Amino acid sequence: MPAAAYYTLGCKVNQYETEKIREELDRLGFSTVNFASQADVYVINSCTVTGMADAKSRRAIRQAARRNPNAFVVATGCYAELEPAQVGGIEGVDLVVGNDQKESIPERLVARFPNLRRNGGAGIRPRTRTRAIVKIQDGCNQFCAYCAVAYARSRQWSREISDVVEEISTLAGFGYREIVLTGIRLGSYAFGLPALIRSAAEVDGIERIRLSSIEVWEVDEELLRTIAENPKACRHLHMPLQSGDDGVLKLMRRPYAPDYYARTVEKAREMIPELGLTTDVMVGFPGETDDAFQRSYEFVRDMGFSRLHVFRYSPRPGTAAASFSDRVPEAEKSRRSELMIELGTELADRFAGRLVGQTVDVLAEPKRGEFISGFTDNYVEVRFLGGESLRGRIVPVRVESATADGVIASLASGIGD
Ligand code: SF4
């Protein structure tokens, strides 16, 4: 049995697409091995969201080629899509495949391994993560000034509700309790997110439905009501802010002002008590003056996010902002990034601290060291002592303390491990 190893960079859509390739290769007779092992095939699913993502993608490709110089190395994903010549030029790369052709990777590999013994029928196979990601949409037509993703995945389409629900039912059959609905621009889902959430909630065995990232202008009252009224819908929204300064948002070509964002947050919190609100913030966008950064910082603080992902702006070739002047020096970007990360930690601690003394439900993930870790439905990471047999189950735990690296809890009485 030839061995295949996978490495995924970037977003949940990429993670889902790697799983799909793995499912198909498993079925065709490949075994899956760890990326750090010797494999016959390496599939690197790259990302281009920042300059750092490009560099990490290149590093992973080189690592694979070095690990086994005779292996067949396939590079795919957004970086491979936008820079095929650069990626193809890396020593050891055998095949570069764009996003639209990802599904053809298994077929193309079969031709190189003629003695494969097929491994059962087609269909979805158990995924490697505790939460199952389900892609419901692809593509973005927004073209924010900094973003290359819209170019790497330009076609905007959505899967039918019945098709998505069928996949969720299969995943529930494998024992998954939580699914994460994901897309490049989830909120543009053509058949209505509220209707999909309601249908997904009817699937037996599914206990949690989480939305991945959703743009603020696509969060409407019906969606908030659906989350509020449906006990399976996670009380968590990840709404990318990018900047809390009106001028910078305009330069970024983001179609909202900070006031609008704040009003949506207010409404969401009113309708969904204990909402976990997470976001992405970019620092050092061209034209972000000291004052603009300060306004952004204060806005982030006032929103009281429960978790921040901080990015330093890096010019992406082919995007509008790549030609903007008023660049922010690297040292200043680092300073702003450190300040924002520090604020993010403070806000996360404050939100998590509110859980101390409460009993919360956690989806137990694989053990890390002696602790099991997992997330509450409002996306606070919790660690507690317990056996590996709890993995994949939703268990009640009592939160004892909030520390610098997350919340510590103990299993509520009556829960065996
Ligand atoms: S909404 Fe903007 S940031 Fe998001 S994928 Fe589309 S272009 Fe990129």
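A residue is called buried if 20 or more other C-beta atoms lie within 10 Å of its own, exposed if 12 or fewer do, and partly exposed in between, with C-beta atoms placed from the backbone. Leu171 has 23 C-beta neighbours inside 10 Å, so Leu171 counts as buried. You will find Leu171 in helix α7 (residues 161-173). Helices here are DSSP runs of H or I with at least four residues, strands are runs of E with at least two, and both are numbered from the N terminus. From Leu171 to Val74, 97 residues away along the chain, the C-alpha separation is 27 Å.

A word on the model before we go on. It is predicted, and local features need pLDDT of at least 70, side-chain atom pairs count only at pLDDT 80 or more, while totals for chains, interfaces and linings use all residues. Residue numbers start from 1 along each chain as its sequence is written.

Now let us step back to the domains. The protein chain is assigned domain 1 (3-110), domain 2 (129-234), domain 3 (238-353) and domain 4 (359-411), with bounds that come from an automatic or database domain assignment. Between the C-alpha centres of domain 1 and domain 2 there are 25 Å. Ten residues of domain 1 and 14 residues of domain 2 take part in their contact, where two residues are in contact if their C-beta atoms, placed from the backbone, lie within 7 Å. On the domain 1 side, α1 (12-28) and α3 (78-82) each supply at least two residues, and α1 gives the most, with four residues. That side of domain 1 has five nonpolar, three polar and two charged residues. In this scheme Ala, Val, Leu, Ile, Met, Phe, Trp, Tyr, Cys and Pro are nonpolar, Asp, Glu, Lys and Arg are charged, and the others, Gly among them, are polar.

Next comes the ligand. Among the residues that surround the ligand are Cys140, Phe143, Cys144, Arg185 and Glu215, a residue being near a molecule or strand if its C-beta atom, placed from the backbone, lies within 6 Å of it. The shell has seven nonpolar, one polar and two charged residues. Phe143 sits in the loop between β7 (137-138) and α6 (149-152) and is partly exposed, because 13 other C-beta atoms lie within 10 Å.

Let us turn to a pair of strands. Strand β9 (residues 178-182) and β10 run parallel and are joined by four bridges; strands pair if DSSP finds at least two bridges between them. Leu181 has Leu211 of β10 as its bridge partner. In a regular strand, side chains alternate between the two faces of the sheet. On β10 (residues 208-211) both faces are covered, with Arg208 and Arg210 buried on one side and Ile209 and Leu211 buried on the other.

We finish with some antiparallel strands. Five bridges pair strand β14 (residues 359-368) with strand β17 (residues 394-403) in the antiparallel sense, and Leu363 has Ile394 of β17 as its bridge partner. β14 also pairs with β15, again antiparallel, over four bridges, with Ile372 of β15 as the bridge partner of Lys367. Their hairpin has two residues between the strands, and Gly369 takes a positive phi near 65 degrees there. Tyr379, in the loop between β15 (371-375) and β16 (381-385), has a positive phi of about 70 degrees although it is not a glycine.
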